[in-house]
Structure formats: structure tokens, C-alpha cells
Amino acid sequence: MRILILGAGKMGSFFTDVLSFQHETAVYDIDPKRLRFVYHCYRFTRTEEIEEFKPELLINAVTVKFTIDAFDRVLPYLPKDCIISDISSVKTGLKEYYERTGFRYVSTHPMFGPTFANLDQLSNENAILISEGDHLGKIFFKDLYLNLGLHIFEYTFEEHDETVAYSLSIPFVSTFVFAAAMKHQDAPGTTFKRHLAIAKGVLNEDDYLLQEILFNPRTPAQVERIRTEMNDLLDIISQKDSSRMHAYLEKIRLHIK
């Protein structure tokens, strides 16, 4: 299959490495310097090269801020039977966009990133496959993700955004609070160092990605849950209520079993 990947960043390079030895693969990026780090593929910087390549599948791997802009740039140069796809962690507006284009489409979300995941060992990682989309496109990504050892979950666009609001916004907001409240430690303990490593990793992500996840319309309800729990915990601590603390710890231990 002829596959075009948009974006030579971390995830674009990852997909290039995975696919280029089994498929005729090309990477398009408007910054030629980024193409220095991709191999065993065609490297395009002009849309005319895309037109000549005639891809059968397009994987949009640019940062979430530019997902739709990248589509708009290249769609006029694609064959009409090309399947277009994204791997975006934020799907807001994508279903409507896809339906306007007239192209067959498939949408997925690898639930891992270069910051924390070991891209050579993904057997403990997950991927979401959006149920709405082209059947053959979904089969392609399902086979790909199974071969990588990923656990696959199938959701609608709506269900995906609900899942992301819970699984990403709560850890992100908790990390932000830790980072905002922390101060330098000359002799940090193990727990502190682990939280600090997580905070550095999260804050190394693209600002727009963090913003879009937190601006998900479903995120405020999740953040409100954090505020409620913090208020309850603060009251227990202020009152030095041992019995309530015991009950609270038992409750949250059940949550993580």
C-alpha cells in the first residue's frame, strides 16, 4: 500500500519506522530539516510530490493544533479513493470535518506518547479505534495495532472524547497542581522524585495539546471532582479526624484495585 504520513515529528517518525518496511511510504513536512530524521521512505516538501505519489492511505500525524490545516493543505492533491486518517488525541469537530470532505476516513488514537511510552515495547499500551469510519481503514489500523501488541478499544467520536476527558484531564490537572505547589527540594524522597519526573514529562508536551485536552467540554466536570475531593481531604486533615481518614483511605484504595 502507498501510505503518506503528514508530519515528521515524534509520532510521524514512529509510524514511518513501523510501516516503511512493509509499505511504500512517504513523509510530507513543510520543514525540510525535520525530514533529516526519517529513513527508508520518500521525503516530500511539495504538494506536487504528493499528487505524483498517489497515496492510498493518508495518516495525519501533525500536532493537534494543525490537524485540520494539514488536511486542508493536501486534500486537493489526493486521489478521490484515498482513505484519510488522524491519530489525534482530541477529536472535537473531526467527524463533521470528515463528512464534509467526501473522502473515506478512519480515526484512531494511540493512547501512548513518546514522553513516557517505550516505543519498542508497547504490550502494556492501549489504542482507541473510532467505530465511525471506513471499514477497510479500520481493518488496516486494527491489524497494525494488534501487531504492535496494543490493546484495542472501539469507541464513537463522542465516547472517545468522554474517555479522554477522564483519562487525561484528571492526571494532567493533578500534575499541574503538584507543579504549581512544589518548591525545590535539596533531598527529595522517592515519591517526590517520581511525581517530579511525571510533571516534567507532561509539561514537555505541546502547549496546544494540553490546552485542547483541558478545554474539552467534558473536562470541567472532571476537574470539579478533583476540587470536591480536595475539599473533603482538607477538612479531614484540618480536623485531624482519624476515623474519617481511615475511611477515606479505604475508599480510594478500592478505586485503584
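H6 and H7 are roughly parallel to each other, where angles under 35 degrees count as roughly parallel, over 145 as roughly antiparallel, 65 to 115 as roughly perpendicular and the rest as oblique.

This is a predicted model, in which local features need pLDDT of at least 70 and side-chain atom pairs count only at pLDDT 80 or more, while totals for chains, interfaces and linings use all residues. Residues are numbered from 1 along each chain as its sequence is written, and side-chain values use heavy atoms, with hydrogens and water left out.

**Exercise 1.** Work out where that H6/H7 label comes from, and find the residues at the contact.

Step 1: locate the helices. H6 covers residues 157-167 and H7 covers residues 169-181 (DSSP runs numbered from the N terminus: helices are H or I with at least four residues, strands are E with at least two).

Step 2: get the geometry. The two helices pack at an angle of about 25°, and their axes are 3 Å apart (axes are lines fitted to C-alpha atoms, for helices over the stretch in contact, with angles from 0 to 180 degrees between N-to-C directions). So H6 and H7 end up as roughly parallel.

Step 3: list who meets whom. From H6 come Val164, Ala165, Tyr166 and Ser167, and from H7 come Ser169, Ile170 and Pro171 (contact means heavy atoms within 4.5 Å).

**Exercise 2.** How well covered is H1, and what covers it?

Step 1: count. Of the 10 residues in H1, 7 are buried, so the helix is mostly covered (buried is under 20% relative accessible area, exposed over 50%, partly exposed in between, with a 1.4 Å probe and protein chains only).

Step 2: name them. The buried ones in H1 are Met11, Gly12, Ser13, Phe14, Phe15, Thr16 and Leu19.

Step 3: find the cover. It includes S1, strand S2 (24-28), S4, strand S6 (104-110) and H5.

**Exercise 3.** Count the aromatic pairs and classify two of them.

Step 1: apply the rule. Rings of Phe, Tyr and Trp (its six-membered ring) pair if their centres lie within 6.5 Å; planes under 30 degrees apart are stacked, over 60 edge-to-face, the rest tilted. That gives 13 aromatic pairs.

Step 2: With 5.5 Å centre to centre and 80° between the planes, the pair is edge-to-face.

Step 3: Phe44 is buried at 8% relative accessibility, whereas Tyr42 is partly exposed at 41%.
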